[in-house]
Amino acid sequence: MTVTDEELVARCIAGDTESFNQLILRWERPIYALAYRQLGREEDARDVVQDAFLRAFRALPGFKGEAKFSSWLYRITLNLCRDVMRRAKRAPFVQAPEGVDVGDLVSTETTAAESIEDVVTRKDLGRHVARAMSRLPEEQRAAILLKEYHGLTFQEIAELQGCPLSTVKTRLYQGLTVLRRELQRNGTSTARSESRTP
Amino acid sequence: MNDSRYCDNPDVLISYLYEDGPGEERLAFEAHLRQCARCAAEVASLRAVREDLAAWAPPETVLDFRIVRDPAPVKSRWGWTSAMPAWAQLAAASLVIGVAAGISGLEVRYGNDGLIVRTGWNQPVATRPADATPVAQAEGADAPWRADLAALQEQLRGEIRQSVPAAGAMPVSMAAAGGGRAMSDAEFLARVKQLVEASEARTEREMALRMAEVVRDMDAQRRADLRRVADGIGVLEGRTGAVTVQQREMMNYLMRVSQK
Ligand SMILES: [Zn+2]
């Protein structure tokens with residue numbers, strides 16, 4: 001039976017540092033993905049991953065388990081992303097330059113069923129999604145990332161963002177609406193149903 | 001059909017889109033979608049956006065960051081103490097705390113039976129108040145308490161040297177006291193008491209000196225261990241200034257927990 005995050009947290013507080021490394025192994029990919037999608041830069045995202053786990057490790061004795069460990073970690077990560085954006089005093093999202101190798105932006109992994117054409121199309125779309133995401137305000141983007149890529153519940157996002165449930169849904173709705181507009185303008189999106197639906 | 005409960009209602013729309021909320025609400029909204037082209041189109045297009053989002057994956061990257069509170073340094077730091085009797089280990093541990101906390105005099109206690117090892121000197125080695133040397137300062141390579149420790153060792157050596165003649169004369173005096181009947185019982189007891197006290201004072205000083213040396217060695221070992229750990233992290237992740245600061249913070253944390 002798999003040990004839960006909370007059990008690993010308890011062991012770590014009791015002095016077993018290796019338990020925390022298990023938590024790192026378990027969560028470093030999602031945390032990196034969140035940071036990358038929020039910041040748009042691999043190096044920044046990696047720094048944030050390290051910093052997030054260091055902070056979590058130090059703050060662990062004060063972690064009372066009122067939220068899930070992962071939600072707590074996501075919050076730390078998003079706060080650090082905000083710091084990075086402020087420190088850099090730059091646009092909150094580094095946009096992909098034109099003509100960039102799509103391989104730099106999207107994963108090279110392919111599924112067995114995909115043809116080369118499919119892969120190229122998917123990578124191309126991924127690049128457009130990244131650019132569209134960069135248009136979103138930070139909070140809207142974070143809400144969408146947490147919902148779409150990390151499967152948090154509305155309630156978890158509300159607690160994490162410190163806002164009412166209705167605000168989370170509004171952020172998602174407004175964010176998706178902007179993404180739809182950006183992707184449609186770009187022409188790559190499959191989101192063109194407004195014109196095809198009766 | 002325009003139903004104000006559903007049309008232009010992000011709350012209902014988003015809940016439906018993400019399959020959240022009670023089943024009867026979803027069924028009711030589905031019934032509305034069959035009659036409201038605008039809401040149906042909205043749902044369909046936002047669904048399509050969600051599908052597009054799946055195409056965005058972060059680039060592959062190497063993540064090999066780990067927390068290294070390596071148990072090995074702890075073992076190497078304390079490994080030699082396993083050869084010491086339990087009370088001495090305890091005394092050494094107390095001494096570490098005492099010195100690290102900047103306490104200038106030494107009073108090493110062990111066990112619950114109240115046996116205490118005192119240095120017995122009167123002048124404090126350090127003139128600084130104890131609270132001016134928090135534990136955290138012990139982290140620096142040039143922490144002030146290290147100078148205190150060196151001064152303490154010097155003082156102890158001096159005191160031991162001074163006590164050597166008395167201690168050396170002891171067997172002779174004892175023989176004299178035991179051999180000659182001129183001495184009264186009271187005198188004899190007083191003399192023995194005096195000699196025992198001198199002997200104890202010397203032993204105490206020697207023990208304190210050994211303890212101080214032990215602390216010094218342990219500290220050197222500890223710093224070497226932590227430097228090794230720091231170098232290890234540096235190889236793994238040391239890149240940006242921000243990262244270096246984080247590592248320093250981490251080192252400070254490790255040193256604090258290692259002192260507990
Ligand atoms: Zn409607």
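Biologist: In this predicted model, which helices do the buried residues of helix 2 of chain B pack against?
Modeller: The model is a prediction. Helix 2 of chain B has four buried residues to look at: Arg26(B), Phe29(B), His32(B) and Leu33(B). Their packing partners lie in chain B too: helix 1 (10-17) and helix 3 (37-53).

Biologist: What arc do those buried residues cover around the axis of helix 2 of chain B?
Modeller: The residues in question are Arg26(B), Phe29(B), His32(B) and Leu33(B). They sit on the same side of helix 2 of chain B, because they cover an arc of only 120°. An α-helix has 3.6 residues a turn, so residues three or four places apart point the same way. The arc asked for is 120°.

Biologist: Which exposed residues does the face turned away from the buried side of helix 2 of chain B carry?
Modeller: Exposed here means over 50% relative accessible area. On the face of helix 2 of chain B turned away from its buried side, the exposed residues are Glu24(B), Leu27(B), Arg34(B) and Gln35(B).

Biologist: How many Å apart are the end C-alpha atoms of helix 2 of chain B?
Modeller: Helix 2 covers residues 23-35 of chain B, which is 13 residues. At 1.5 Å a residue, it should span 18 Å. The model agrees with that, since the end C-alpha atoms are apart by 19 Å.

Biologist: Which residues coordinate the zinc ion?
Modeller: The donor distances run from 2.1 to 2.3 Å. In sequence, the donor residues follow the spacing C-x24-H-x3-C-x2-C. They are Cys7(B) through SG, His32(B) through NE2, Cys36(B) through SG and Cys39(B) through SG.

Biologist: What geometry does the site of the zinc ion have?
Modeller: The site has 4 donor atoms, with angles of 99 to 119° among them. Ideal angles at a metal are 109.5 degrees for four tetrahedral donors. The site of the zinc ion is classed as tetrahedral.

Biologist: Are Cys7(B) and His32(B) buried or exposed?
Modeller: Both residues are donors to the zinc ion. Cys7(B) is in the segment before helix 1 of chain B, and His32(B) is in helix 2 of chain B. The pair links distant parts of the chain, 25 residues apart. Cys7(B) and His32(B) are both buried.

Biologist: What is the phi of Asp8(B)?
Modeller: Most residues other than glycine have a negative phi. Asp8(B) lies in the segment before helix 1 of chain B. It is exposed, with a relative accessible area of 59%. Asp8(B) is not a glycine, yet its phi is positive, about 55°.

Biologist: Where is Glu19(B)?
Modeller: Glu19(B) has a positive phi of about 50° although it is not a glycine. Its relative accessible area is 62%, so Glu19(B) counts as exposed. Its place is the loop between helix 1 and helix 2 of chain B.

Biologist: How many helices does chain A have?
Modeller: Buried residues make up 50% of the 198 residues in chain A. Among contacts in chain A with a separation of 6 or more, 60% join residues 24 or more positions apart. Chain A has 0 strands, and its helices come to 10.

Biologist: Which element of chain A has the lowest mean pLDDT?
Modeller: Chain A as a whole has a mean pLDDT of 85, and 82% of its residues reach 70 or more. Over residues 94-108 of chain A, pLDDT stays under 50. Where pLDDT is low, the predicted coordinates should not be read in detail. The element with the lowest mean pLDDT, 42, is helix 5 (residues 102-105) of chain A.

Terms used:
Residues are numbered from 1 along each chain as its sequence is written. Chains are lettered from A and ligands numbered from 1 in the order in which they are written. This is a predicted model: local features need pLDDT of at least 70, side-chain atom pairs count only at pLDDT 80 or more; totals for chains, interfaces and linings use all residues. Side-chain values use heavy atoms; hydrogens and water are left out. pLDDT is the predictor's confidence in each residue, from 0 to 100. Helices (H or I, at least four residues) and strands (E, at least two) are DSSP runs, numbered from the N terminus. Contact means heavy atoms within 4.5 Å. The expected span of a helix is 1.5 Å times one less than its number of residues. Buried means under 20% relative accessible area, exposed over 50%, partly exposed in between (1.4 Å probe, protein chains only). The arc is that of the directions from the helix axis to the C-beta atoms. Donors are N, O and S atoms within 2.8 Å of the metal (3.2 Å for Na, K and Ca); water is not among the atoms, so sites may look incomplete. Four donors count as tetrahedral if all angles lie between 85 and 135 degrees; four count as square planar and six as octahedral if opposite donors are over 155 degrees apart and all others between 65 and 115; anything else is irregular.
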